[in-house]
Amino acid sequence: MNYTKLGNFEAICLIVVLFINHIVLNLPQMILNSSGSASTINAIYILILVLLFTILILKLLKNFIGLDIIDISEYLGGKPLKIIIGILSIFYLIFETVFLLRMFSKNLLLVYFQNYPVSFIMFLFLFIGVVSNIIGKKSIIKSNTIIVPIALFSILFTFIFVADLLKIERSMPIFYNGASQIFLSGASNIFAFNGLFFLFFISPLLNKKEDTSKVAFWSVLICGIFLILSITTLVFAFSDIYTVSRLSPMYFIIINSRLSAFLERPEVIFIFIWTLALMSFINIAVMFVLNIFKKLTNIKEAKHLAVTVCTIIFVIAMLLNHIFAFETIANYFYKYGTLILVFGIFTLLLISANIKKKFFNRRSP
Amino acid sequence: MKFTDTLKKIFFPTEEPTHHFTMPSSNDDINSSISTNVEIENIDEVKEIFPSIDVNAEYIKVKYNLLINNDIILREFTLNARNKQYRAFLLFVDGMIDMNLVNDYVLKPLMLRNTANSFDGNQNQVISEAVTNNITVRKVKKFDIKEYILNSLLPQNNIKVKSEFKDIFASINSGNCALFVDTLNIAFDIDVKGFKLRSVSKPENEVVIRGPQEAFIENIRVNTTLIRRIINNENLIIENMQIGSLSHTACALCYMKNIANDDLVAEAKYRLNNINIDYLISSGQLEQLIEDNSKYSLPQVIATERPDKAATHLLEGRIVILVNGSPYALVVPATFIDFLESPEDNNIKFQFANLLKIIRIAALMITLLLPGIYVAITSFHQEFIPTELLFAIVASRATVPFSIIFEIIIMELSFELIREAGLRVPTPIGPTLGIIGALIIGQAAVDAGIVSPILIIIVAITGITSFAIPDYYLAFHCRVSRFAYIILGYLAGLLGIAVGAFIHLLIATKIQSFGVSYLDSYIPSKGKIFTGIFTAPTWKREKRADFLDTKKAEKQEHISMKWKYPNQ
Amino acid sequence: MNHKVQKFFAILILTILLIVSSSSYYGIKGIDNLAYVVAIGLDVGKDNKLKLSLQISVHQSNENGSSSSSQSSSAVVNSIECPSINSGISLFNSYLGKEVTLSHCKVLVISEELAAKGISEYLFTLTNDIQFRTDSNIIISKCDAENFLKYSAPLLDKVSARYYDIAPTSSEYTGYTESITCNEFFNAINDKISDPVAILGSINTPDTQKTTNENSAYTAGQTPISGETSVETMGLAVFNDDKLVGELNGLESICHLIISSKLENAQIRIPSPIEQLNYIDLYIELDNNTKNSLYLVNSSPYITSNVKLTARIQSLNGNINLDDEKVVSKIENYAEQYLKYHLNNYLYKTSKEFNADIDDFGLYSLKYFNNISDLEEYNWNHHYKDAFFNVNVDVELRSSYLLVNTSKEEEE
């Protein structure tokens with residue numbers, strides 16, 4: 001297996017890019033709808049939860065340095081488990097891509113390409129997905145490393161330009177619909193950190209295997225900070241943000257920001273950058289799908305299957321036609337899919353693999 | 001001429017015999033071709049020089065086609081040595097040697113009788129004498145004509161003894177002369193080069209204000225001296241090699257032995273030694289032969305005509321390749337930002353240098369994207385244009401009959417046309433043509449209502465910014481890619497531009513130049529990001545570029561201005 | 001290799017064909033085929049329908065035959081009776097021959113009559129429209145919107161689009177109105193704790209003009225201007241939820257800006273404490289943001305505002321010594337009294353008369369509720385009319401301009 005090795009920074013960017021796409025599309029709105037004016041508190045709370053969770057995962061992964069979740073599942077349950085987990089992961093990645101792609105294309109269509117069919121826009125995105133995977137993994141990872149900081153900076157930039165609208169009084173009432181809502185059922189909002197999915201796959205790719213913890217912490221921290229910032233900005237600047245759901249909260253921030261004093265309709269630039277971010281994510285998702293597929297089937301070179309994977313994504317995305325229902329499905333999948341797979345199955349797998357290892361080690365000598 | 005003849009010619013024209021020439025193809029009858037080499041069998045297999053001077057002369061005459069090849073001169077004469085006469089001849093190319101040098105310091109000492117060659121030397125033949133048991137054993141120095149000529153008769157600094165025709169021919173072709181002497185199966189290769197060279201002049205394409213004003217010329221030896229004069233260090237290695245099975249073009253591989261990475265040097269040597277071509281004329285040709293990804297049009301090798309720039313790169317740990325006959329040196333490996341660097345950057349203060357660099361990056365973006373973005377915005381994102389500008393554009397387009405995409409492609413093409421025509425016409429009219437093309441045609445087109453003035457502005461800005469890119473190939477790349485962006489912008493607006501930009505980015509990240517990632521100054525593998533884009537102040541340039549992996553990572557002390565902080 | 005190249009080109013050609021065919025089929029809106037709306041006017045039409053007026057810019061390039069050709073833009077105003085905005089735009093599309101685009105619309109003008117009925121429907125429709133710029137200004141016109149648009153030819157500018165860009169910003173140096181965007185208006189309608197305001201505009205004709213002694217106590221259309229009939233924006237239109245309930249004149253607008261800390265600078269005219277003068281003109285700026293605080297006393301709000309202003313004297317006569325501290329503090333006192341009086345008047349007007357919390361006091365009440373149901377139970381909109389106000393004004397007289405001391409006695 002000829003993996004391209006990842007530097008730490010590249011690995012962090014890899015985890016963060018999924019988060020960026022969600023924060024642009026639907027993440028803040030989802031949290032705002034559930035937590036209202038208490039979203040900031042909720043965001044800080046889930047950041048702490050996720051940090052704890054990351055510590056747990058890293059502790060569990062320590063016994064399996066250099067292995068990804070597929071290898072671990074093989075260790076635990078042999079080939080059948082390996083294939084089940086592999087297929088689940090592929091499904092998760094493909095659906096994640098489908099929903100992001102479909103949502104983004106729909107938004108793009110509404111904003112700029114009213115006369116175009118959505119298939120055309122999605123085709124362009126997937127075209128990049130194919131081209132990039134044929135060009136090579138190194139290009140995908142490096143281009144992602146360039147795009148992610150720019151995208152993060154663009155998001156930060158939007159926050160700066162609404163700074164004069166911020167009013168701390170808007171964070172009241174402090175517990176939007178009761179403390180229990182925020183801290184108990186609000187805990188499920190950790191799905192926001194679904195970039196951790198890649199953490200389970202990244203370990204064998206890393207240049208320095210012992211740096212996994214560093215990568216995990218930095219990426220969680222970056223995501224957390226941006227989540228808190230975006231939610232704080234939205235809550236503090238717009239008092240109706242959790243009563244009226246909008247297309248994309250980040251888009252809403254920009255068209256309300258003071259940037260429009262300098263440029264007419266500055267959102268074009270941001271959409272341009274976020275388009276690049278989505279393209280980058282699609283590349284990475286297809287790359288990981290191919291990697292997992294390669295692991296499951298022992299084929300020699302998987303990169304030409306990129307066409308197949310992209311076609312599958314395209315077809316599934318075209319099947320979801322009714323937009324209102326689709327949005328709901330996407331949000332459900334994002335929330336519960338992440339909770340079940342990343343925070344549920346993968347974690348359970350890790351725990352049981354650790355138990356097996358301990359048990360096995362005790363018996364073997 | 002009779003009148004009837006004229007009439008005849010008019011009404012019954014006969015075909016006048018004209019000259020027809022057709023190339024004989026390999027399928028033609030072999031017998032019709034003239035065979036030449038009949039005297040010496042297997043002429044191509046001869047390697048060693050013959051002892052007989054007649055055979056040598058005959059061989060050379062055949063090999064060089066002396067009967068029809070007029071600039072090769074074979075001068076036969078009688079050589080005096082120790083009062084003996086030998087038959088000998090000199091072989092050289094007329095015009096490539098220094099005539100005075102040959103007359104005064106080769107022919108004179110060999111032909112004329114003087115103390116050196118008339119001395120028969122019998123007195124000194126005995127080197128040592130030992131008497132044992134009344135038998136006198138005399139060690140007698142045997143007279144060796146070869147040694148004698150080499151040591152005593154030729155007052156020249158650079159003489160080599162060659163025994164193979166191949167070597168002799170190579171040196172004659174490069175301007176040396178060869179001395180053949182009867183009974184010797186070797187020849188003397190005497191360096192008497194003296195051909196006309198272009199003098200070292202000002203650089204024409206990489207102009208700087210504060211900096212050295214000399215440029216490489218066509219001769220490789222002069223070029224190497226130009227570099228060596230600047231570097232002034234014994235660790236500079238200049239290795240000669242020849243490329244091209246016919247032309248044997250001399251190339252030089254220069255590097256700093258104590259700085260450049262060994263693997264890099266080995267790789268460069270490997271590539272240069274494994275080029276199977278017939279001839280190599282210019283460094284541009286070599287550049288395409290040695291670069292890693294020759295499919296992509298992004299430049300991957302720096303070409304410079306400035307010795308100071310080449311020397312700077314050498315001291316950084318890069319490799320410089322010189323090609324005889326080409327006034328451009330190649331520098332490898334190269335990263336993207338190197339092509340936006342002007343030689344001036346190191347001479348001026350870092351504030352100015354960085355400002356200029358930002359301007360050049362902006363120019364690159366503009367020349368690459370502006371027409372595409374214009375098409376994208378006017379077709380899809382009208383709201384992005386400030387209202388007043390939009391109204392001005394719409395008003396200016398009121399009489400224009402073409403769609404924007406058609407208009408812009410026509411204008412871009414005609415701009416390229418004007419530029420190309422301006423290059424090709426003789427120098428005195430070149431600028432005039434540019435002015436005519438740009439001003440008069442543009443103005444006339446606007447007046448006639450065929451194109452809108454806004455478009456002329458856009459095309460002009462695009463053209464001007466493309467001149468701000470220091471590297472010629474990079475500017476070329478932008479000119480070509482621009483058309484792709486125009487079409488993408490037309491197809492899908494800014495999304496199309498994004499697609500193009502992403503593919504561009506993917507290609508740029510894919511490319512390697514001698515093992516160095518192309519975008520290494522933005523995303524080095526060792527963690528730091530966005531280093532090396534901007535020029536550091538002179539006192540802070542402490543490290544050599546990370547990606548070169550040099551033997552000496554630091555190029556100056558942490559405190560370079562020792563006078564200022566003497567205690568640190 | 002050859003095979004590979006062939007394959008590559010085959011795929012490339014197929015892709016290009018696919019893209020080109022699909023995109024050209026769907027057509028591109030070139031900039032030439034669009035009609036650019038500069039302003040939208042909404043009126044009550046016949047039979048309770050809507051009267052939609054659009055101001056559309058017209059472009060022509062004047063060719064003089066010589067090398068110089070100049071471009072000019074003018075605008076036409078057209079109205080249509082229609083059931084809704086979007087159907088009106090469709091009707092416009094059909095008779096204009098060009099597609100109407102709202103993407104360069106600068107103002108939304110709504111007539112008083114329509115605003116009194118409630119305008120949230122139109123605002124929601126427009127905010128939902130992707131073309132419509134939510135940062136365009138919203139003007140409530142005292143006359144009908146169509147006429148407002150027709151008379152909105154700028155006095156000093158040529159092009160009406162730029163006029164709409166610049167005109168609302170005059171509030172930055174007069175304070176007589178506020179540059180309200182549709183966005184701000186929309187947000188204020190939606191949240192439960194504040195009420196929106198809009199720019200008040202009208203046509204100024206000699207019939208509508210009036211004169212008062214009190215400076216700047218005009219609303220739109222009342223300013224005594226001699227000259228051609230033109231439109232004027234002055235004062236603010238106050239809404240309760242989405243219904244127009246009243247208007248504020250220029251001075252009250254200044255008060256509104258002071259209380260909500262949005263004042264850039266303004267000019268007021270106070271009665272003079274010094275005998276030789278009747279009035280003094282002061283140029284005021286906010287020194288700090290106004291500090292508002294709110295207590296719930298028996299569930300009715302008690303609101304305190306601490307206003308801190310700096311002022312410069314603009315009008316002088318020959319006998320004022322500004323070096324004299326007594327004079328300065330006298331003027332300061334007068335100014336404080338004057339402003340306090342007007343601020344109090346303004347605040348009670350908003351609460352008692354309009355019951356519209358346009359200064360976002362509701363924000364300060366939020367901290368008394370722990371969760372959203374408590375807040376909804378309390379219902380701020382019902383309680384604002386019971387509010388008590390306490391305004392503290394602190395004016396600091398900084399300086400005059402070039403003249404400092406004009407009293408002659410001092411020199412002797």
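Domain bounds here come from an automatic or database domain assignment. In this predicted model, that assignment divides chain B into domain 1 (43–190), domain 2 (220–334) and domain 3 (359–517). The C-alpha centres of domain 2 and domain 3 of chain B are 35 Å apart. The two domains touch: 15 residues of domain 2 of chain B are in contact with 13 residues of domain 3 of chain B. On the domain 2 side of chain B, helix H8 (residues 262–273) gives the most to this contact, with three residues. By class, the residues on that side of domain 2 of chain B are nine nonpolar, three polar and three charged.

Chain B also holds an open sheet of five strands. Its order is S8-S9-S11-S12-S10 (chain B), and the pairing is antiparallel. Strand S8 (236–243) and strand S10 (302–304) of chain B are the edge strands, each pairing on one side only. Averaged over the sheet, neighbouring strands are turned by 25° against each other, direction ignored. One of the pairings joins strand S11 (residues 319–323) of chain B to strand S12 (residues 329–332) of chain B, in the antiparallel sense and over three bridges. There, Ile321(B) stands opposite Leu330(B) in S12(B). Helix H10 (residues 307–316) of chain B packs on this sheet and touches S8, strand S9 (249–256), S10, S11 and S12 of chain B. The direction of helix H10 of chain B makes about 50° with that of S9(B).

The next part is the contact between the chains. Chain A contributes 27 residues to it and chain B contributes 24 residues. On the chain A side, the elements that give two or more residues are helix H1 (8–25), H5, helix H6 (137–160) and H11 of chain A. Of these, H6(A) supplies the largest share, seven residues. The side of chain A that touches chain B consists of 15 nonpolar, eight polar and four charged residues.

Within chain A, two helix pairs share helix H11 (residues 267–297). In one pair, the axes of H1(A) and H11(A) come within 9 Å and cross at roughly 130°. From H1(A), the contact draws on Leu14(A), Val17(A), Leu18(A), Ile20(A), Asn21(A) and Val24(A). From H11(A), the residues are Trp274(A), Ala277(A), Leu278(A), Ser280(A), Phe281(A) and Ile284(A). The contact of H1(A) with H11(A) has ten nonpolar and two polar residues, with no charged ones.

In the other pair, helix H5 (residues 118–135) of chain A has an axis that comes within 9 Å of that of H11(A), and the two cross at roughly 55°. That angle makes H5(A) oblique to H11(A). H5(A) passes H11(A) in a right-handed crossing. On H5(A), the residues that meet H11(A) are Phe125(A), Leu126(A), Ile128(A), Gly129(A), Ser132(A) and Asn133(A). Their partners in H11(A) are Leu278(A), Met279(A), Ile282(A), Asn283(A), Val286(A), Met287(A) and Leu290(A). This contact of H5(A) with H11(A) comprises nine nonpolar and four polar residues, and no charged residue. Leu278(A) of H11(A) takes part in the contact with H1(A) and also in the contact with H5(A).

Conventions: Residues numbered from 1 in each chain as written. Chains lettered and ligands numbered in written order. Predicted model: local features only at pLDDT ≥ 70, side-chain atom pairs only at ≥ 80, totals over all residues. Axes fitted to C-alpha atoms, helices over the stretch in contact; angles between N-to-C directions. Helix = DSSP H or I, 4+ residues; strand = E, 2+ residues; numbered from the N terminus. Parallel < 35°, antiparallel > 145°, perpendicular 65-115°, else oblique. Left-handed = near helix turned anticlockwise from the far one by under 90°. Contact = placed C-beta atoms within 7 Å. Nonpolar A, V, L, I, M, F, W, Y, C, P; charged D, E, K, R; others polar. Pairing = 2+ DSSP bridges.
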